[in-house]
Amino acid sequence: MGLRFLSIWPNTPDDGSPTIWLEEETGDLIIQSWRADENTIRQAQEVGSVPGHSTDIPEHETMIRLPASMLQFIPRPDSEGNGGNSGT
């Protein structure tokens with residue numbers, strides 16, 4: 001697994017800042033960021049995702065909050081429509 005560092009939160013003042021890496025073989029993003037608080041998780045569960053999909057978070061997963069300023073460091077696919085399941 002070859003990880004490539006993409007960015008750390010700009011002008012970070014400490015050691016616990018959001019960071020993004022790219023797994024070059026798969027294109028997966030590895031993200032370190034703040035854990036979403038209970039209110040955010042509850043709101044996401046109320047909104048839901050695709051019809052019939054559970055809103056529970058499995059033990060092997062977590063929900064994180066990535067600052068909007070970090071979105072600029074996420075690589076974009078060359079063409080549109082290669083993304084995940086939007087439910088539409």
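Modeller: Relative accessible area decides it, taken with a 1.4 Å probe on protein chains only: under 20% is buried, over 50% is exposed, and anything in between is partly exposed. This is a predicted model, in which local features need pLDDT of at least 70 and side-chain atom pairs count only at pLDDT 80 or more, while totals for chains, interfaces and linings use all residues. Residues are numbered from 1 along each chain as its sequence is written, and side-chain values use heavy atoms, with hydrogens and water left out.

Colleague: Okay, so is Trp 9 buried, exposed or partly exposed?

Modeller: Trp 9 counts as partly exposed because its relative accessible area is 28%.

Colleague: And which ring does Trp 9 pair with?

Modeller: There is one aromatic pair by the rule used here, which takes rings of Phe, Tyr and Trp (its six-membered ring) with centres within 6.5 Å and calls planes under 30 degrees apart stacked, over 60 edge-to-face and the rest tilted. The ring centres of Trp 9 and Trp 34 are 4.9 Å apart and their planes stand at 85°, so the pair is edge-to-face. Trp 9 sits in the loop between S1 and S2 and Trp 34 in strand S4 (residues 34-35), so the pair ties together parts 25 residues apart in sequence. Trp 34 is also partly exposed, at 36%.

Colleague: What's the order of the elements overall?

Modeller: Starting at the N terminus, the chain runs β-β-β-β-α-β, that is, one helix and five strands. Helices (H or I, at least four residues) and strands (E, at least two) are DSSP runs, numbered from the N terminus. Buried residues make up 16% of the 88 residues in the chain.

Colleague: Give me one of the buried ones. What does Ser 7 touch?

Modeller: Ser 7 lies in strand S1 and is buried because its relative accessibility is 7%. Setting aside neighbours within four places in sequence, Ser 7 is in contact (heavy atoms within 4.5 Å) with Pro 18, Thr 19, Ile 20, Met 70 and Phe 73.

Colleague: Switching topic, how many salt bridges are there?

Modeller: The count is one, where a salt bridge needs a side-chain nitrogen of Lys or Arg within 4 Å of a carboxyl oxygen of Asp or Glu. Glu 24 and Arg 4 form it, at 2.9 Å from N to O. The partners are 20 residues apart, with Glu 24 in the loop between strand S2 (19-23) and strand S3 (29-32) and Arg 4 in strand S1. Glu 24 is partly exposed at 47%, and Arg 4 is partly exposed at 39%.

Colleague: What else touches Glu 24?

Modeller: Gly 2, in the segment before strand S1 (3-8), touches Leu 22, Glu 23 and Glu 24, not counting residues up to four places away in sequence. The C-alpha atoms of Gly 2 and Leu 22 are separated by 8.2 Å.
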